[in-house]
Amino acid sequence: MTEEVAATEPGPAGSALSRREQILQAAAELFARYGFHGVGIDDIGGAVGVSGPALYRHFRSKEAMLAEMLTEISDKLLLGGHSRVDAAAGPDAALEELVRWHVEFALTNPALITVHLRDLDSLSEPDQHRVRESQRAYVEVWVRVLRAVRADLDEHTARAAAHAVIGLINSTPYSTHLDTTAMSALLHRMALGALSAGSGT
């Protein structure tokens, strides 16, 4: 691959990745493997077949890449959560859909999950604030649905349960014991089981 390649190229299942998406995908894989501070601009350029400085046509810095990828995944989770809840037939179905959505996202984006968990603090304060605001809004989607399903849960307990289950699902990048289908089914059962557990009162 050279710097003169087309702006898009085939992605999974025949989709086309824009040049920015190619760069972000490569950066996410490298950040996940070596850590944000262990990857240089030349490493990212080499992964997509260009010189490091050529990346500045698309991003002003390595930090800008990290900010965009973490902002995008936070916004994608939030929008996906809202859309699934809005389309669900009721609270129970909405909770099922939230679990299914987050499991699907975590299993198909292990590098992004790893980078998010490990490198969020490498963002500037404004970018961290932006990402955390989306994260909080996403958790509140879970809280509202969970309290609609579980009348016994107060707001604080529901929020703690949502964080715990999201954390459980986000641990998937570190598991290589099962294939994706089996892991998805396992996480789905475990998450719903945890959310249906007693309130502890």
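Which helices each supply at least two residues of the lining of the second largest pocket? In this predicted model, they are H3, H5 (110-119), H6 (125-149) and H7 (155-170).

**Close-up 1. Lining of the second largest pocket, to which H3, H5, H6 and H7 each give at least two residues.** The volume of this pocket is about 350 Å³. Its lining is made up of 19 residues, and those closest to the pocket centre are His116, Gln135, Tyr138, Val139 and Ile166. H6 gives the most to the lining, with seven residues. By class, the lining residues comprise seven nonpolar, eight polar and four charged.

**Close-up 2. Packing of helix H4 (residues 91-108) against H6.** The two helices pack at an angle of about 145 degrees, and their axes are 8 Å apart. The crossing of H4 past H6 is left-handed. On the H4 side, the contact is formed by Pro91, Asp92, Ala94, Leu95, Leu98, Val99, Trp101 and His102; on the H6 side, Tyr138, Val141, Trp142, Val145, Leu146, Ala148 and Val149 meet them. This contact has 13 nonpolar residues, one polar and one charged. Tyr138 of H6, which meets H4 here, is also among the residues closest to the centre of the second largest pocket.

**Close-up 3. Packing of helix H1 (residues 19-34) against helix H3 (residues 62-87).** The angle between H1 and H3 is about 95 degrees, with the axes 10 Å apart. The two helices are therefore roughly perpendicular to each other. Arg20, Ile23, Leu24, Ala27, Ala28 and Phe31 of H1 meet Lys62, Met65, Leu66, Glu68, Met69 and Glu72 of H3. Eight nonpolar and four charged residues make up this contact, with no polar ones.

Note on methods. Residues numbered from 1 in each chain as written. Predicted model: local features only at pLDDT ≥ 70, side-chain atom pairs only at ≥ 80, totals over all residues. Heavy atoms only, no water. Axes fitted to C-alpha atoms, helices over the stretch in contact; angles between N-to-C directions. Helix = DSSP H or I, 4+ residues; strand = E, 2+ residues; numbered from the N terminus. Parallel < 35°, antiparallel > 145°, perpendicular 65-115°, else oblique. Contact = heavy atoms within 4.5 Å. Nonpolar A, V, L, I, M, F, W, Y, C, P; charged D, E, K, R; others polar. 1 Å grid on protein atoms, 1.4 Å probe; cavity = no way out; pocket = protein on both sides within 12 Å on 5 of 7 lines; lining within 4 Å. Points joined across faces, edges and corners; volume = space filled by probe spheres on them. Left-handed = near helix turned anticlockwise from the far one by under 90°.
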